[in-house]
Amino acid sequence: GGLFITTAGALKYIHSQVGGDTEGLQRSLSFYSLAIPLYAQYRLLQMRQAPQEEWDSLDKYASTAGLDKILDLRGFYIKAGQMAASNIGNAFPKIWQNTMSVLQDDCPYKSFEEVRAIVEADWKEKSNGRSNAEKNVKL
């Protein structure tokens, strides 16, 4: 019973703080539900001073699972995957670079109409239905 009440209270708090749109929170939780366990596995390998074969195996699994998550979440996560493919900061093993390389040349995209609808919805004012852009354009 206590867990249910705590969860309900947390959801109510999040709803009131985020304003009802929990998409960003859901995306973050989706990402971290993969990233945190993988981080723990990498740290365990480090603490155990595991042989290279174990690192290679985890890199192969993690890079593939990471790409799947990126393709599901899109947006910012695609940009992060492109950075991994480019090995920004010299931080990614070759398997990660190779796995994420599909995000360089074969990146999923949205049509202009979809992007326009997103931008217009974001700019829409509740008071009179005109976008901020329309108010600032002098014809």
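Trainee: What share of the protein's 139 residues counts as buried?

Mentor: The share is 21% of the 139 residues. Buried here stands for under 20% relative accessible area, exposed for over 50%, and partly exposed for what lies in between, with a 1.4 Å probe and protein chains only. One thing before we go on: this model is predicted, local features need pLDDT of at least 70, side-chain atom pairs count only at pLDDT 80 or more, and totals for chains, interfaces and linings use all residues.

Trainee: Okay, let me try one. What makes Gln 82 count as buried?

Mentor: Its relative accessibility is 12%, and the limit for buried is under 20%. So Gln 82 counts as buried. Gln 82 sits in helix H4 and touches Leu 103, Gln 104 and Cys 107, leaving aside residues up to four places away in sequence. Contact, by the way, means heavy atoms within 4.5 Å.

Trainee: How many helices and strands does the protein have?

Mentor: There are eight helices and zero strands. Both are DSSP runs numbered from the N terminus: helices are H or I with at least four residues, strands are E with at least two.

Trainee: What do the buried residues of H3 pack against?

Mentor: They pack against helices H2 (23–48), H4 (76–85), H5 (94–100) and H6 (102–105). Among the buried residues of H3 are Leu 58, Ala 62, Leu 67 and Ile 70, but also Asp 59 and Lys 69.

Trainee: What makes a set of residues a nonpolar core?

Mentor: The members are buried Ala, Val, Leu, Ile, Met, Phe, Trp, Tyr and Cys residues, joined through side-chain atoms within 4.5 Å. In this protein the largest one has 18 residues, and those with the most contacts inside it are Ile 70, Met 100 and Leu 103. H2, H3, H4 and H5 each supply at least two residues of this core, and the largest share, six residues, comes from H3. In soluble globular proteins, nonpolar side chains tend to be buried together.

Trainee: Which residues does Met 100 touch?

Mentor: Not counting residues up to four places away in sequence, Met 100 touches Ser 63, Gly 66, Leu 67, Ile 70, Gly 81, Ala 84 and Ala 85.

Trainee: How many salt bridges does the structure hold?

Mentor: Two. Glu 120 and Arg 116 also form one, at 3.1 Å, N to O. These residues are four apart in helix H7, so about one helical turn separates them.

Trainee: What makes Val 115, Val 119 and Trp 123 a patch?

Mentor: Patch residues have over 30% relative accessible area and no salt bridge; like charges are joined within 9 Å, and nonpolar side chains (Val, Leu, Ile, Met, Phe, Trp, Tyr) within 5 Å. Trp 123, for one, has 43%, so it passes the 30% limit. Together the three have about 250 Å² of accessible area, worked out by the Shrake-Rupley method with a 1.4 Å probe, where for residues only the protein chains shown count as cover. Trp 123 belongs to helix H7, residues 112–123.

Trainee: What is the phi of Arg 74, and where is Arg 74 found?

Mentor: Its phi is positive, about 60°, although Arg 74 is not a glycine. Most residues other than glycine have a negative phi. Arg 74 is in the loop between H3 and H4. Asn 87, in the loop between H4 and H5, also has a positive phi, about 55°.

Trainee: Are Arg 74 and Asn 87 buried or partly exposed?

Mentor: Arg 74 is at 28%, so it counts as partly exposed. Asn 87 is at 15%, so it is buried.

Methods:
Residues are numbered from 1 along each chain as its sequence is written. Side-chain values use heavy atoms; hydrogens and water are left out. A salt bridge is a side-chain nitrogen of Lys or Arg within 4 Å of a carboxyl oxygen of Asp or Glu.
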